[in-house]
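Subject: Structure for your review

Dear colleague,

Please find below the structure that I am handing over to you.

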2 protein chains.
Amino acid sequence: MAVYTEVTDEALIAYLKLYDIGELHSLKGIAGGVENSNYMLTTDQGNFILTLYEKRVNAKDLPFFLGLMEHLSEKGMSCPLPIKMKNGESLGLLANRPTAIISFLDGFEIKRPLPKHCFEVGKALAEMHLAGEGFALTRRNGLTLEDWRPLFEKSADRADEVQPGLRKFIETELDFLEANWPKSLPQGVIHADLFTDNVFFLRDELSGIIDFYFACNDLLAYDLVTCINAWCFEPDWAFNTTKALALVKGYESVRPLSEDEFRAIPVLSRGSALRFMLTRLYDWLNVPPGALVVPKNPAEYITKLKFHRGIERTELYGIEHH
Amino acid sequence: MAVYTEVTDEALIAYLKLYDIGELHSLKGIAGGVENSNYMLTTDQGNFILTLYEKRVNAKDLPFFLGLMEHLSEKGMSCPLPIKMKNGESLGLLANRPTAIISFLDGFEIKRPLPKHCFEVGKALAEMHLAGEGFALTRRNGLTLEDWRPLFEKSADRADEVQPGLRKFIETELDFLEANWPKSLPQGVIHADLFTDNVFFLRDELSGIIDFYFACNDLLAYDLVTCINAWCFEPDWAFNTTKALALVKGYESVRPLSEDEFRAIPVLSRGSALRFMLTRLYDWLNVPPGALVVPKNPAEYITKLKFHRGIERTELYGIEHH
């Protein structure tokens, strides 16, 4: 989240007249993030999030994202709910950008999660997977197996600038993943980006999940390993078995993994680590002039990928199956 | 305002125990600005601003800034009020930075002010000048006449990179200002940075003034011309007489200018334009690597300064004296 588009007071006041959420009291740009412009909006009815969707989000996907938040809320999940305009629409236009106002969710990011937080996030992820059933729209994952090689090719020539031998390392990994990617695991709606900054806690209880702008249809267990990669490594990038065990236990307390899913965890983990490494590698090598956001170093996910390459079967993580 | 220092949830929760403002509900970094790290803090008691003071602010000045906000609030001005800790202090330490929590002020920036807004800001500035009387602390203006030449010397060698002939232009201007700066005008506490982003409006009424981190003791009329420079030029940097007339009228509705102050407006305006041009010039030529904020172009204030150089006496602005 960041601010790429400035909103004038005149334009915003006119825009708010389309809604029934009261009168503008305050608007403050929210720092951080890389995709959209986000503002904290306060009216006499309370706090909201105003999001202007920038170029990196395909406008065609917005009905999926906003519809998913509505669907999950209806199913009882705690996630931001798009506020409907008087005409029933939830997607508008402000400062020439597709725009939505979404409910403000109490809670804050736990930057250094403990095993209890990992348990909670695993549980919430499984709840989301079940709640996603029956959602009418679908969206292809634009960053899945077949997308990785074309994405890599954009950075291949310069990969060794980041780490000597990285190009060869990624090519070998792509060959392995293309040959070994599981074909028949359960699919559904996945969050696809459930990092610590997208999960809120209040009094050590998970209060909500945010940022559904990578959500798509893909393997459910792939979503789980993305969480493991994001939540179960220490700041020095060392794997924490206790946290991974807690996260999987939390997940299975709601949705037990099939035997095939459980066995696929090492290969899925490698794939997910590669996916985040490849986007970070590209962003690292292609910082636009005047960029307001410092790109994330791809080295973190190179290290995580190397760790997973050493794991031959799931039990060696120290993870137990239900 | 921006975010330079990250705050962990553990540190913040511990810090909030020093206050009586309830339990942490949400924390979001505020984008924009250049001096400090600002967060929108929400507790079960409402919204607050959490400010971590960064290197550019001298910690020795903080009692002046926070004390001034308290003094002005007591005098009935609408400005942010530092929240006191249980021990009575308003300045704490968080993430190794001097830190304050201040009240959240409803209202928002008018990016394109109309004459009526200029009248209101002139009036509020004069009210602040009167309310500042009796404030016990003093702070020297670190960016006044005698500071400009040393500041310029840091950029002199490279000034012509920005605009051919700029070095000579500034040198001539400094000579003029040093010879003609008024010596005996009324002094007091000035805001010194009352740009549009530091004034909030609600329903076209001025709801408050924020950001006192340049406040100091200096000529009161110098504060007025800084406002004129910030509020009374159009987006194409053309002077708008109607707005300047409204701003001065608003000011004089509360605190009439002396004849000497009125006559000094052109020279003070040149000085104030030079002051902002010099800091912008320095920042423009010295962008730190990894900077999160795009520096402001000094060209705007070069143009404004050139305009003021063409004004021989105050009446030629179209401004009337009370």
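The contact between the chains takes 27 residues from chain A and 27 residues from chain B; two residues are in contact if their C-beta atoms, placed from the backbone, lie within 7 Å. On the side of chain A that touches chain B, β1 and β2 of chain A each supply at least two residues. The largest share of that side, 6 residues, comes from β1(A). Its residues divide into 12 nonpolar, 9 polar and 6 charged. Here Ala, Val, Leu, Ile, Met, Phe, Trp, Tyr, Cys and Pro count as nonpolar, Asp, Glu, Lys and Arg as charged, and the others, Gly among them, as polar.

Please note that this is a predicted model, in which local features need pLDDT of at least 70 and side-chain atom pairs count only at pLDDT 80 or more, while totals for chains, interfaces and linings use all residues. Residues are numbered from 1 along each chain as its sequence is written, and chains are lettered from A and ligands numbered from 1 in the order in which they are written.

Helices (H or I, at least four residues) and strands (E, at least two) are DSSP runs, numbered from the N terminus. In chain A, an open sheet of 5 strands has the order β1-β2-β3-β5-β4, with antiparallel pairing; two strands pair if DSSP finds at least two bridges between them. β1 (24–29) and β4 (92–94) of chain A stand at the edges with a single partner strand each, so one side of each is left without a neighbour in the sheet. Within this sheet, 7 bridges join β2 (residues 37–43) of chain A to the antiparallel β3 (residues 46–52) of chain A. A:L41 has A:F48 in β3(A) as its bridge partner.

Helix α3 (residues 115–131) of chain A has 17 residues. Of these 17 residues, 14 are buried, so α3(A) is largely enclosed by the rest of the structure. A residue is buried if 20 or more other C-beta atoms lie within 10 Å of its own, exposed if 12 or fewer, and partly exposed in between.

In chain B, B:L24 belongs to strand β1 (residues 24–29). B:L24 counts as buried because it has 20 C-beta neighbours inside 10 Å. Leaving aside neighbours within four places in sequence, B:L24 is in contact with A:F108, B:L12, B:I13, B:L16 and B:T43. B:L24 and B:I13 are 11 residues apart in sequence and 6.7 Å apart in space, C-alpha to C-alpha.

Yours sincerely

Methods
Expected span 1.5 Å × (residues − 1).
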